[in-house]
Amino acid sequence: MTRKTAAAPDTAADDPVARFEGSLSELEAIVSKMERGDLPLEESLQLFERGMGLTRVCRTSLETAELRVRNLLDASDAPAER
């Protein structure tokens, strides 16, 4: 069973959807913590920095997904070759 647990993070890291969802979930947790307003300044800064990194990951994932959708739409609009 240890092998399955160890393999799960690798699979998630290779799956762009899982990576996006994990990043978004972590970002939501960070926002919730910061919104409470009871964190020390240093921890707030560390969480803010982590949140900015997660935001970049999410943005890149969304841009990649958008490109894939556009490519699929372009391919479906192209005339069939015979």
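Trainee: Which residues form the largest nonpolar core?

Mentor: The largest nonpolar core has five residues, namely Leu-27, Ile-30, Leu-39, Leu-47 and Leu-54. Helix H2 (16-36) and H3 each supply at least two residues of this core. A nonpolar core here is a set of buried Ala, Val, Leu, Ile, Met, Phe, Trp, Tyr and Cys residues joined through side-chain atoms within 4.5 Å. Keep in mind that this is a predicted model, where local features need pLDDT of at least 70, side-chain atom pairs count only at pLDDT 80 or more, and totals for chains, interfaces and linings use all residues. Residues are numbered from 1 along each chain as its sequence is written, and side-chain values use heavy atoms, with hydrogens and water left out.

Trainee: OK, and what does Leu-39 touch?

Mentor: Leu-39 touches Lys-33, Met-34, Ser-44 and Leu-47, leaving aside residues up to four places away in sequence. Contact means heavy atoms within 4.5 Å.

Trainee: Ser-44, then: buried or exposed?

Mentor: Ser-44 is buried, because its relative accessible area is 18% and buried means under 20%, exposed over 50%, partly exposed in between (1.4 Å probe, protein chains only). Ser-44 lies in helix H3 and touches Met-34 and Leu-39, again not counting residues up to four places away in sequence.

Trainee: Which other residues are buried in H3?

Mentor: Besides Ser-44, they are Leu-47, Gly-51, Gly-53, Leu-54, Cys-58 and Ser-61. The buried residues of H3 pack against H2.

Trainee: How far does H3 reach from its first C-alpha to its last?

Mentor: H3 reaches 53 Å with its 37 residues, close to the 54 Å expected at 1.5 Å a residue. The expected span is 1.5 Å times one less than the number of residues.

Trainee: Switching topic: how many helices and strands are there?

Mentor: Three helices and zero strands, so helices (H or I, at least four residues) and strands (E, at least two) being DSSP runs numbered from the N terminus, the pattern along the sequence reads α-α-α. Of the 82 residues, 13% count as buried.

Trainee: And on the surface, which residues form a nonpolar patch?

Mentor: Met-34, Phe-48 and Met-52 do, with about 270 Å² of accessible area together. Accessible areas come from the Shrake-Rupley method with a 1.4 Å probe, and for residues only the protein chains shown count as cover. Phe-48 sits in helix H3 (residues 41-77) and is partly exposed, at 48% relative accessible area.

Note on methods:
Patches are made of residues with over 30% relative accessible area and no salt bridge: like charges are joined within 9 Å, nonpolar side chains (Val, Leu, Ile, Met, Phe, Trp, Tyr) within 5 Å. A salt bridge is a side-chain nitrogen of Lys or Arg within 4 Å of a carboxyl oxygen of Asp or Glu.
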